[in-house]
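Have the coordinates open while you read.

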Number of protein chains: 2
Amino acid sequence: MTEVKLHGVLLSPYVYRVIWALKLKGVPYEFVAEDLSNKSDLLLKYNPVYKKIPVLVHGEKPVSESMVILEYIEEMWPQNPSLMPNDPYDRALARFWIKFIEDKIVAILGLFRSITGQELENATKELLEILQTLEEHGLGEKFFFNGDNIGLVDIAFGSMLFSMQVIGDVVGVKPFESHKFPSLHAWFENFKQIPVIEENFPNRDEYFVYIKRRREELLASA
Amino acid sequence: MTEVKLHGVLLSPYVYRVIWALKLKGVPYEFVAEDLSNKSDLLLKYNPVYKKIPVLVHGEKPVSESMVILEYIEEMWPQNPSLMPNDPYDRALARFWIKFIEDKIVAILGLFRSITGQELENATKELLEILQTLEEHGLGEKFFFNGDNIGLVDIAFGSMLFSMQVIGDVVGVKPFESHKFPSLHAWFENFKQIPVIEENFPNRDEYFVYIKRRREELLASA
C-alpha cells in the first residue's frame, strides 16, 4: 500500500479538514508535525508556492491546499463513505458552496484583525451575512449540505465555524447565535456528533490560547 | 436534448471561459445577453447568492461561478476533448493551479484600482510575482498546463491574462514582458492559435474602451 503522510500542525482548522476526510475514509496515514516558526526543508520542497500546511504526501507525491487535498482524497478513495454527491449537478452545487466558504473565510481574518469598535462591527456584520446566506440558500431544510450524509461542504464549513467561534470568543462577539441560524445550529450539532468528527475535533481551549496570544501580539503592535 | 443557456455579457473574461469550454466540447447553447445595469429577474433567480454572470442553465438547472461551471461541463460532457487529466494526482495539480489563479485574480483588480504611483508599483510587483510562480512552478517545460492538450487551467489563465494585459494597457504598465516569461509567452501564443479560442477570442478594443471608461469614473471619484 502506498504510504500516506500528512504534514501539519494540530492547531490548524485546515489540517482538521484533511484529518476528518482521511479518518472518514479509513485511510491510514502518518502525521508529520511541522513547526511553522521553523519550516522543514521537506515542507518547502513539497509546497514551494505557498510554503503552508496542510500538505498530503501520497507515495512521495505532494498535494497542497486543503480543499484540493479533499477532492483528491475523494477521487483516490471513492469508497465508503462517498463525500461528494454522485450526480454531476449536485457536485456542482457542492463545489459552489465550497468556493463560497473558501472565498468568505477571509472575513474571519477580518474579525481577528479588528481593532476599533467600528472594524469589529463591520466584520461581525459581514459574518452575519455569510451565515445568513448559508442558512437560507446553502443548507436550507437539508440534514447535511449534500443531503442525508456528511460530505466535503460539511467538512469545509465545520472547520470554518469552529475557527469563527473561537476567534469570536477571543475578540468578544458571538455572531453564530442559535435563534438567528436555527438550521445551521442543528446542522453543527449533528456534524459534531458524527463519531469520527467527535473523536477528532480540534481542542477548543488550546486554539483559544493560541488565538488569544496572537491577538495580543497584534494589539501590541497596532 | 436538454437545453443549454449561457447568461452573460460579452465583455466579461469569465464568460469567455464558459464559451471556450462549450465550444471546445461542441455543446450547442443559447447565449442570453444580460444587462448588468438592469439585471434580469431570471439572473437574480438563478444566482441569488452573487447575482453575477456567467450562469449556465442546463435544463432549468442553474450553475454559477465560472470555474464551477467548467468542472460541471467537463463532468457532463466528458468526451472529446477531455479538459481535465485522467490521473487523480494530475487532476489535483490542475485544481491547485485553478485555485491559485482564482485567488490571485484579485491582484488584477488591484492594478485597475491603483491611483498613486506607489500603488501602481506595488500592484505591478505583485503581478510579476504571480507570473513568475506560474512560469516556474505551474507551466514549466510543458506545452499546456496539463501537458500536451488544452485544459481547464489554460482556460482559467488565458482569460486572466487577456484581462491583465488590457488593464495594464489602460493604466500604462506591461507586466507580461516576453523576456521575463518566455514559457508563458510561448504558451499564450499556442493557446490563442487553437481554432476555437481564436474564433471566440474577446474583442480587445471593446474591452479596452470599457475598462478605460470605468477607470476614468474611478479616477473622477477618487
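1. Let's start with the salt bridges: there are 10 of them between chain B and chain A. One of them pairs E65(A) with K99(B), where the closest N and O atoms are 3.8 Å apart. Bear in mind throughout that this is a predicted model.

2. On the side of chain B that touches chain A, the elements that give two or more residues are β4 (61-64), α3 (66-76), α4 and α6 of chain B. α4(B) gives the most, with 12 residues. By type, that side of chain B divides into 14 nonpolar, four polar and 10 charged residues.

3. The contact involves 28 residues of chain B and 28 residues of chain A. About 2600 Å² is buried between the two chains, and carbon and sulfur atoms give 67% of that area. Six residue pairs are in polar contact between chain B and chain A, counting pairs with both residues at pLDDT 80 or more.

4. Have a look at S64(B), which sits in strand β4 of chain B. Is S64(B) buried or exposed? S64(B) counts as buried because its relative accessible area is 6%, under the 20% cut-off. Its side chain makes a polar contact with the side chain of N47(B), at 3.4 Å. Beyond its neighbours within four places in sequence, S64(B) is in contact with F96(A) from the other chain, and with Y46(B), N47(B), P54(B), V55(B) and I69(B).

5. Next, helix α6 of chain B, residues 117-139. With 23 residues, α6(B) reaches 31 Å from first C-alpha to last, close to the 33 Å expected at 1.5 Å a residue. Its buried residues include L120(B), A123(B), T124(B), L127(B), I130(B), L131(B) and L134(B). An α-helix has 3.6 residues a turn, so residues three or four places apart point the same way. The buried residues of α6(B) pack against α4 (88-104), α5 (106-113), α7 (152-171) and α8 (182-193) of chain B.

6. H185(B) is in helix α8 of chain B. H185(B) is classed as buried because its relative accessible area is 18%, with the cut-off at 20%. The side chain of H185(B) reaches the backbone oxygen of F176(B) at 2.9 Å. Leaving out residues up to four places away in sequence, H185(B) touches F176(B), E177(B) and S178(B).

7. Over in chain A, S178(A) is in the loop between α7 and α8, and at 43% relative accessibility S178(A) counts as partly exposed. The C-alpha atoms of S178(A) and R213(A) are separated by 28 Å, the two residues being 35 apart along the chain.

8. Finally, the backbone geometry. Most residues other than glycine have a negative phi, and most peptide bonds are trans. The bond from I53(A) to P54(A) is cis, with omega near 0°, and P54(A) lies in the loop between α2 (41-46) and β3 (55-58) of chain A. K51(A) is in the loop between α2 and β3 of chain A, and has a positive phi, near 55°. In chain B, a cis peptide bond joins N80(B) and P81(B), with omega about -10°; P81(B) is in the loop between α3 and α4. E60(B), in the loop between β3 and β4 of chain B, has a positive phi near 75° and counts as exposed, at 54% relative accessibility.

Note on methods:
Residues numbered from 1 in each chain as written. Chains lettered and ligands numbered in written order. Predicted model: local features only at pLDDT ≥ 70, side-chain atom pairs only at ≥ 80, totals over all residues. Heavy atoms only, no water. Helix = DSSP H or I, 4+ residues; strand = E, 2+ residues; numbered from the N terminus. Expected span 1.5 Å × (residues − 1). Buried < 20%, exposed > 50% of the residue type's maximum accessible area, 1.4 Å probe, protein only. Contact = heavy atoms within 4.5 Å. Buried area = accessible area lost by both parts, 1.4 Å probe. Salt bridge = Lys/Arg side-chain N within 4 Å of Asp/Glu carboxyl O. Polar contact = N/O pair within 3.5 Å; in protein donor to acceptor, adjacent residues only side chain to side chain. Nonpolar A, V, L, I, M, F, W, Y, C, P; charged D, E, K, R; others polar.
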